[in-house]
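Have the sequence and the 3D view at hand as you read.

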Amino acid sequence: MTDPVARLLPWVGPEGKPCFLVSDGTGYVSRVADSIEAAQLGAAADLTEEALRVLAERTWTPGEIHLLAVELTASLIDVRRIAESRGARLSAPERDPDVSGTGREHPQAMP
């Protein structure tokens, strides 16, 4: 059994606040969250393909583009929440002396 960690869940509470689960990641709610995340990622992939198709055809109406933007925004919010949740659950790597803390691994190589 692993140590319990806080997991940002892929849904919000009744007041729109984030929901968290503290567990070892093996329980029922964790499995439901995994299932919802998988569905959200699948929907994002489908929506991306649809967006590429619509944009390639160049025959859209302003209403279609608006709806596409609304759907892409909602999907991006879901995917960002999943990335945030999964990133928070990664174990922190040991400090690398080559990393300056600026987000650049080799700052001298950057202009």
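Where is the place of Arg58? Arg58 sits in the loop between H1 and H2; helices (H or I, at least four residues) and strands (E, at least two) are DSSP runs, numbered from the N terminus. Its phi is near 55°, a positive value in a residue other than glycine. Arg58 is exposed, with a relative accessible area of 67%. On this scale, buried means under 20% relative accessible area, exposed over 50%, and partly exposed in between (1.4 Å probe, protein chains only).

Please keep in mind that this is a predicted model, in which local features need pLDDT of at least 70 and side-chain atom pairs count only at pLDDT 80 or more, while totals for chains, interfaces and linings use all residues. Residues are numbered from 1 along each chain as its sequence is written, and side-chain values use heavy atoms, with hydrogens and water left out.

**Overall picture**

The protein has two helices and two strands, and along the sequence they follow the pattern β-β-α-α. Of its 111 residues, 19% count as buried. The accessible surface comes to about 8500 Å², of which 61% belongs to carbon and sulfur atoms; these areas come from the Shrake-Rupley method with a 1.4 Å probe, and for residues only the protein chains shown count as cover. Among contacts (heavy atoms within 4.5 Å) with a separation of 6 or more, 44% are between residues 24 or more positions apart.

**Salt bridges**

How many salt bridges does a search of the whole structure find? The search finds six, each being a side-chain nitrogen of Lys or Arg within 4 Å of a carboxyl oxygen of Asp or Glu. Side chains of opposite charge can pair when their charged atoms come close. The table shows three of these pairs.

| Pair | Closest N to O |
|---|---|
| Arg7 and Glu37 | 3.3 Å |
| Arg53 and Glu50 | 2.5 Å |

The salt bridge between Arg7 and Glu37 links distant parts of the chain: Arg7 is in strand E1 (residues 5–12) and Glu37 in helix H1 (residues 28–57), 30 residues apart. Arg7 is buried, at 5% relative accessibility, and Glu37 is buried too, with a relative accessible area of 2%. Arg7 and Glu37 also belong to a network of salt bridges that includes Asp34 and Arg86.

Lys17 and Glu15 are both exposed. Arg53 and Glu50 both lie in helix H1, three residues apart, about one turn of the helix. Arg53 is partly exposed at 39% relative accessibility, and Glu50 is partly exposed at 33%.

Helix H2 (residues 62–89) has 28 residues, so at 1.5 Å a residue it should span 40 Å; its end C-alpha atoms are 41 Å apart, which agrees. The expected span here is 1.5 Å times one less than the number of residues. Which residues of H2 are buried? They are Leu68, Ser75, Arg81, Ile82 and Ser85. These buried residues pack against E1, strand E2 (18–23) and H1.

**Two buried polar residues**

Ser23 belongs to strand E2 and is buried, at 17% relative accessibility. A polar atom of its side chain lies 3.0 Å from the backbone nitrogen of Gly25. The Ser23 side chain also makes a polar contact with the side chain of Ser30 (3.3 Å). A polar contact is a pair of N or O atoms within 3.5 Å; within protein, one must be able to donate a hydrogen and the other to accept it, and residues adjacent in sequence count only if both atoms are side-chain atoms. Leaving aside neighbours within four places in sequence, Ser23 is in contact with Asp3, Pro4, Val5 and Ser30.

Gln40, in helix H1, is buried at 13% relative accessibility. The backbone oxygen of Pro10 lies 3.4 Å from a polar atom of the Gln40 side chain. Beyond neighbours within four places in sequence, Gln40 is in contact with Pro10, Asp78 and Ile82.

The mean pLDDT (the predictor's confidence in each residue, from 0 to 100) is 85, and 80% of residues reach 70 or more. Over residues 103–111 pLDDT stays under 50, and the model has seven contacts beyond four places in sequence for them. Where pLDDT is low, the predicted coordinates should not be read in detail.
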